Amino acid sequence: MKHVRILAISILATFITALQAQPSLQQFEGQWTMTASPFEGGTDEISFTASMADHGQSLKCHADRFMVRNGKSYPMDWTMTVEQDGEKLRIGWLLDAEQPASTEEFQQPASHYALFGADPDGSHRYIYLLSENIETQKLEALTLWSEWMPTGSSTFALPKTQQIYAVVSKNRPYDGAVGYIDIWASTKLTYIGQQTLLGDVNGDGKVDVSDVVCTVNYLLKGTADHFDAKAADTNGDNVIDVADVTGIVRIIRSI
């Protein structure tokens, strides 16, 4: 029995260690900024949001305004993941050749793009975010890993050899490019933080009577479960009081 107990303790310790090594994707939900150098020069700063994917194994990312061409803004969707090794972690940008990052139409003539020799026919073109494989000189769906950073870091830099291409293709899934719209290099991804919903005091994603109750409990007892002081401070005076309860009620009435 002693050996059985030792074995059980050993298995439990291994399991706990493995759990501790797993990075929490939830800590990276919220607002991000992508800072990169586009092909035409200068610096782009692109804001995007990250939320847990349904399966809980990656982050769904969305930018309302990933790039602008001829006065039109193009949204993009992609996936990121996190990998941890002891006290270090890194961000992985998953490029997908099966699903376009944007299904927005890009109606410029084919001559507008830097052609790769693909057939330019077809009016509806999809935008894929891909990367050039230096070894094969092909555009591919790769996972672009950032440099390893200490746990707790908020900025992650992709190696300069890893470039992100916005590629226009008439096909879905991708099987050849009409051309590329832009290339981003020296990319840095910076985690800004959770986006606070004013009035959502208990953090359940909506503002309702339960947030009023939570705030009242905080005022009466000095504490409350899942209390978010930033969300409760509806008038922005850095003090939680009856005026903020009134503010939450006003928010509920306006919904």
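This is a predicted model: local features need pLDDT of at least 70, side-chain atom pairs count only at pLDDT 80 or more; totals for chains, interfaces and linings use all residues.

Trainee: How many bridges join strand 3 to strand 4, and do they run parallel or antiparallel?

Mentor: Eight bridges link them, and the two strands run antiparallel. Strand 4 covers residues 72-85.

Trainee: And the hairpin of strand 3 and strand 4, which residue there takes a positive phi?

Mentor: That's asparagine 70, with phi near 55°. This hairpin has two residues between the strands.

Trainee: OK, other side now. What about strand 2 and strand 3, how many bridges join them?

Mentor: Four, and this pair is antiparallel too. Strand 2 spans residues 44-52, and strand 3 spans residues 59-69.

Trainee: Which residue in strand 3 is the bridge partner of alanine 50?

Mentor: Cysteine 61 is.

Trainee: What sits between strand 2 and strand 3 in their hairpin?

Mentor: Six residues, and glycine 56 in that hairpin has a positive phi near 75°.

Trainee: Let's zoom out. How many helices and strands does the protein have?

Mentor: There are four helices and twelve strands.

Trainee: How much of the protein is buried?

Mentor: Buried residues are 38% of the 255 residues.

Trainee: And what share of the contacts comes from residues 24 or more positions apart?

Mentor: Counting contacts with a separation of 6 or more, 58% are between residues 24 or more positions apart.

Trainee: Last one: what's the accessible surface?

Mentor: About 14,500 Å², with 52% of that belonging to carbon and sulfur atoms.

Note on methods: Residues are numbered from 1 along each chain as its sequence is written. Side-chain values use heavy atoms; hydrogens and water are left out. Buried means under 20% relative accessible area, exposed over 50%, partly exposed in between (1.4 Å probe, protein chains only). Contact means heavy atoms within 4.5 Å. Accessible areas come from the Shrake-Rupley method with a 1.4 Å probe; for residues, only the protein chains shown count as cover. Two strands pair if DSSP finds at least two bridges between them.
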